[in-house]
Amino acid sequence: MTEVELIKKTKQFVKHKLADAEAGHDWFHIQRVYQLALYIAQKEGINDLLIIKLGALLHDIADAKFHDGNEDLAPQIAGQFLEKHLVNVSVINEVKLIIKHISFKTEAASYTSDHLKILQDADRLDAMGAIGIARAFNYGGFKNRALYNPEIPSKPQQSKAEYKASKAPTLNHFDEKLLLLKDQMHTKTAKRIAQERHDYMLNFVERFKQEWHLEIDEV
């Protein structure tokens with residue numbers, strides 16, 4: 001099977017698996033991350049793109065937060081799919097490691113690679129800017145969370161367990177994750193894109209709070 005055929009089959013597989021996914025983690029999220037990852041890889045001079053392509057397409061095939069916190073399911077599903085299509089074992093193993101370690105709150109630093117760094121950058125960029133804002137509030141609505149509650153302070157320094165268990169209002173998510181992403185970018189290309197998206201989110205949060213706390217004099 002050629003690389004073109006493999007990527008085509010992978011796209012079909014992912015589209016089918018994520019047909020009913022929450023809108024912030026659906027096929028369109030995958031497509032955006034895929035495009036961002038290829039753009040970053042090419043700008044950073046990465047020529048071998050197979051692992052980038054497969055990692056981007058399969059990174060959210062079974063997001064743990066939608067599967068009872070099971071972080072082993074996605075690498076397992078991806079591995080089985082790639083084995084079925086006779087992909088080289090070394091490629092399969094690296095894709096599985098990427099899926100296992102791509103998450104924002106992955107604490108173990110037992111694995112790193114240029115491929116992982118590019119895919120982390122691409123995934124995190126899609127959580128920033130206008131789309132990042134839309135995704136945050138879409139997920140908050142999906143989980144029936146409050147938009148904002150001034151009486152519930154943000155907790156930027158959380159453990160992985162605390163982060164996963166949090167039911168805080170959506171606006172807290174900006175201080176707890178989205179506004180931290182800029183400083184977690186690995187590549188020069190992603191850092192440049194992240195700065196603009198970061199500034200956009202800062203302006204949004206400031207405007208949101210201004211409108212929330214607006215006091216209008218009685219007529």
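How many aromatic pairs does the count come to? The count comes to twelve aromatic pairs, where rings of Phe, Tyr and Trp (its six-membered ring) pair if their centres lie within 6.5 Å. Planes under 30 degrees apart count as stacked, over 60 as edge-to-face and the rest as tilted.

This is a predicted model, in which local features need pLDDT of at least 70, side-chain atom pairs count only at pLDDT 80 or more, and totals for chains, interfaces and linings use all residues. Residues are numbered from 1 along each chain as its sequence is written, and side-chain values use heavy atoms, with hydrogens and water left out.

**View 1. Phe66 and Phe142 form an edge-to-face pair.** Their ring centres are 5.8 Å apart and their planes stand at 75°. Phe66 lies in the loop between helix 3 and helix 4, and Phe142 lies in helix 7, so the pair ties together parts 76 residues apart in sequence. Helices here are DSSP runs (H or I, at least four residues), numbered from the N terminus. Phe66 is partly exposed, at 29% relative accessibility. Phe142 is also partly exposed, with a relative accessible area of 49%. The scale runs as follows: buried means under 20% relative accessible area, exposed over 50%, and partly exposed in between (1.4 Å probe, protein chains only).

**View 2. Phe204 and Phe208 form a tilted pair.** The ring centres of Phe204 and Phe208 are 6.0 Å apart, with the planes at 50°. Both residues lie in helix 10 (residues 188-212). They are four residues apart, about one turn of the helix. An α-helix has 3.6 residues a turn, so residues three or four places apart point the same way. Phe204 is partly exposed, at 25% relative accessibility. Phe208 is buried, at 15%. Both rings belong to one aromatic cluster, together with Phe137, Tyr148, Phe174 and Trp212.

**View 3. The largest pocket has a volume of about 1,100 Å³.** A pocket is found on a 1 Å grid over the protein atoms alone: it is an open set of points where a 1.4 Å probe fits, with protein on both sides within 12 Å along at least five of seven lines. Its volume is the space filled by probe spheres set on the points, which are joined across faces, edges and corners. Lining residues have an atom within 4 Å of a point. The largest pocket is lined by 44 residues. Which of them lie nearest its centre? They are His25, Asp63, Lys65, Tyr163 and Lys177. Helix 7 gives the most to this lining, with five residues. Helix 4 (73-84) and helix 5 (89-101) are among the helices that each supply at least two. By class, the lining has 16 nonpolar, twelve polar and 16 charged residues. Here Ala, Val, Leu, Ile, Met, Phe, Trp, Tyr, Cys and Pro count as nonpolar, Asp, Glu, Lys and Arg as charged, and the others, Gly among them, as polar.

**View 4. The second largest pocket has a volume of about 190 Å³.** Of its 13 lining residues, Lys17, Leu18, Ala21, Phe66 and His67 are closest to the centre. The lining of this second pocket divides into six nonpolar, two polar and five charged residues.

**View 5. Helix 4 has buried residues, and a positive phi comes just after it.** Its twelve residues should span 16 Å at 1.5 Å a residue, and its end C-alpha atoms are 17 Å apart, which agrees. The expected span is 1.5 Å times one less than the number of residues. The buried residues of helix 4 include Ala74, Ile77 and Phe81. Helix 1 (3-17), helix 3 (50-58) and helix 5 are among the parts that cover them. Leu86 sits in the loop between helix 4 and helix 5. It is not a glycine, yet its phi is positive, about 60°. Leu86 is exposed, with a relative accessible area of 76%.

**View 6. Asn144 and Ala146 lie in the loop between helix 7 and helix 8.** Asn144 has a positive phi, near 55°, in a residue other than glycine. Asn144 is exposed, at 71% relative accessibility. Ala146 is partly exposed, at 41%. Leaving aside neighbours within four places in sequence, Ala146 is in contact (heavy atoms within 4.5 Å) with Pro169 and Thr170. The C-alpha atoms of Ala146 and Lys167 are separated by 9.0 Å, with the two residues 21 apart along the chain.
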